[in-house]
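Here are a few exercises to work through with the structure open beside you. Try each task before reading its solution.

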Amino acid sequence: MKKIVLGISGGISFLIFLILLFATSYLGQSQLTQTTASRWSSKKNASQVSCFFSVGSGITQDEIIDFEHTVDGALVDASVVQESENPGARLWADAYSADGSVTISSDKGSVTADAIGIGGDFFLFHPVKLLYGSYFSGNDLMQDYCVIDEDAAWQLFGSNDVAGMTVYIGGIPHIVTGVVERQSGRLAEAAGLDSTLVYVSYQTLSELGQNNGINHFEIVMPNPVTGFAVNYIKEKLGADEKKTEIVENTTRYSLVSRLKLLTQFGTRSMNGKAIIYPYWENIARSYEDILALMTLFGILFLAYPVGLGLVFFCIWWKHKGWTMRDVRLKLMDKAERWVERRREKRKRKKKGGFEKGGLGGSGTGEDELEESDFEDSGIGDSGFGEEPVRRRSRRRRRSAPSDGKQERRDRKEADRQEKRKRKEADRQEKRNRKEAEKQGKQSRKEAGRQE
C-alpha cells in the first residue's frame, strides 16, 4: 500500500511539473515585445536586441542615425545578403523612443498626458492592441501623427472611435491615426501604465512637449552566428557599461536564461545605473522573475519523482533474482544457439541446391563418383560414332558429422547443463538465505515480545 501511495504521489508531482513546463513556455511566448525576431524571420536566424540608456548618457537622434548607416556594412562583412526578390524587403529594422509628456487638446477638451516620442518602426516591436485605426511610423515623411489610448479619446472626444480626427499639440494640428487599449492589471500599473498615454513622433515630443531624452533603442537583425547581433550592439552603442544596458530579447525566457537568473537571486535588484526603464521593459523583467520562480518549482516537482524512481530502482536491483553473470551466460547461450541455427540452415540450403541441380540424375545424394553404363550415342544407326559414350555424374551423399564436431556439440550441451545447474543452485541458495533471514527476524520479534 505504501508503494502505491508513493507511486501516485510521484505521478501527481510529475504531472504538476509538465503543467508548469507548458505554462512557462506559453507565458514566455505571450510577451509580444520580446518575440519580434520570430515574427521577423520564419527561419529563426534573427535576433532582437534592446539597449537602454541612463538619464545622463546624452544619446542623440544623430548618433542613432550614424549607427544605422553602419549596419548594412557590418552585415556585408558577415556575408549576409538579401535573398528575397521583393524590392521592399529589409534585412533589419530598428526603433528608438523617449519618455516625456505633452498637452493635447481638441474642440471638446484638453488633457496633459504621458507621452512616448517614437522613431523608426516602434510599433513593429510593440504591437499594442488597436481598437480603431492604425499605427504610424517614425520614418514617415510627415510627423504630425499620433496614437492615443482610450482614456485620452474619451476625455478629448467622448468616444473611442476617433481615428482620423484632429487634435492639437502645442497649437499644431495632429491627426489621430489610431486608438489603442492600454494594458491593465497590477503588473501594468506598477510598470508605469497608470495614467493616460499617447504616442507621438520623436520630433513632436522634442519640439512641442517635454522630452526626457532617448532612453531606449532596439533592433532586429540577422544573427549568422550566436552572439553576433548582441556583440555588435555592445561594440557600437554599449561601450560605456555604466550608462547603458544591453538585453538580448530573443533568448530572454529560455531555460538557460531562467536558470542563470536563479543564480542572481538577491543581486538582480541591485542596479547602480541611472536607467529608467520604459513600461514594457518593467513588465518583461517582472515576467522574468515569475518564470524563474516557476522554473524553480518545476525543478522541485521533477526532483521528487526522479528521486522516487531511483529509490525504487535500487530496491528492485537489491532484490532481483539474477546477476550480471546470469545475463552474460544467457546472452552467450542465445548467441551459440543462433550460430547453430544459421549453420543448419546453410547445410539445408546446400543440400537442396544439389538435389535440384540434378547432378546425380537420381538425386540420391551420394558423395562418390559413379560411372554409368555405356549408352549408345544415338547416331550408331547411321554408321558414324558407333562407339558408346561414357557419361559421368556426381552424386552427393549427406555425410555424417565428423567425430570432432560431435564432440564439440556434446561439450557445449554439457556446459549448458552445467550452467543451468549452477543457476538453479544459486537460486536455491538465495531462497534459503531469504528464508533464514525471515526466520531470524521472526525469532527476534518473538524474543522481543517475551522480554
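**Exercise 1. A helix pair**

Which residues in H9 meet which residues in H10? Please bear in mind that the model is predicted.

Solution. Start on the H9 side, where Leu255, Arg258, Leu259, Leu261 and Leu262 take part in the contact. Next, turn to H10: the partners there are Glu288, Asp289, Leu291, Ala292, Thr295, Leu296 and Ile299. Finally, sort the residues of this contact of H9 with H10 by class, which gives 8 nonpolar, 1 polar and 3 charged.

**Exercise 2. The geometry of the pair**

Describe how H9 and H10 are set against each other.

Solution. Two values are needed, because a packed pair of helices is described by the angle between the axes and by their distance. For the distance, the axes of H9 and H10 come within 9 Å. For the angle, they cross at roughly 90°. Angles of 65 to 115 degrees count as roughly perpendicular, so H9 is roughly perpendicular to H10.

**Exercise 3. The largest pocket**

Find the largest pocket, then work out which elements supply its lining.

Solution. Begin with the volume: the largest pocket holds about 900 Å³ of space. It is lined by 26 residues, and those closest to its centre are Glu245, Ile246, Val247, Lys260 and Gln264. Now move to the elements. Helix H8 (228-236), strand E10 (244-248), helix H9 (255-263) and helix H10 (279-318) each give the lining at least two residues.

**Exercise 4. The cavity**

How many cavities of 30 Å³ or more does the structure hold, and which residues line the largest cavity?

Solution. The count is 1 cavity of 30 Å³ or more. The space in the largest cavity is about 50 Å³. Around it, the lining consists of Gly321, Asp326, Lys423, Asp426, Arg427 and Lys430. Helix H12 (residues 403-450) provides the largest share of this lining, 4 residues. By class, the lining of the largest cavity has 5 charged residues, 1 polar and no nonpolar.

**Exercise 5. The whole chain**

Solution. For secondary structure, the chain has 12 helices and 12 strands. For burial, 33% of its 451 residues are buried. For contacts, take those with a separation of 6 or more: 75% of them join residues 24 or more positions apart.

Methods:
Residues numbered from 1 in each chain as written. Predicted model: local features only at pLDDT ≥ 70, side-chain atom pairs only at ≥ 80, totals over all residues. Heavy atoms only, no water. 1 Å grid on protein atoms, 1.4 Å probe; cavity = no way out; pocket = protein on both sides within 12 Å on 5 of 7 lines; lining within 4 Å. Points joined across faces, edges and corners; volume = space filled by probe spheres on them. Axes fitted to C-alpha atoms, helices over the stretch in contact; angles between N-to-C directions. Parallel < 35°, antiparallel > 145°, perpendicular 65-115°, else oblique. Contact = heavy atoms within 4.5 Å. Nonpolar A, V, L, I, M, F, W, Y, C, P; charged D, E, K, R; others polar. Buried < 20%, exposed > 50% of the residue type's maximum accessible area, 1.4 Å probe, protein only.
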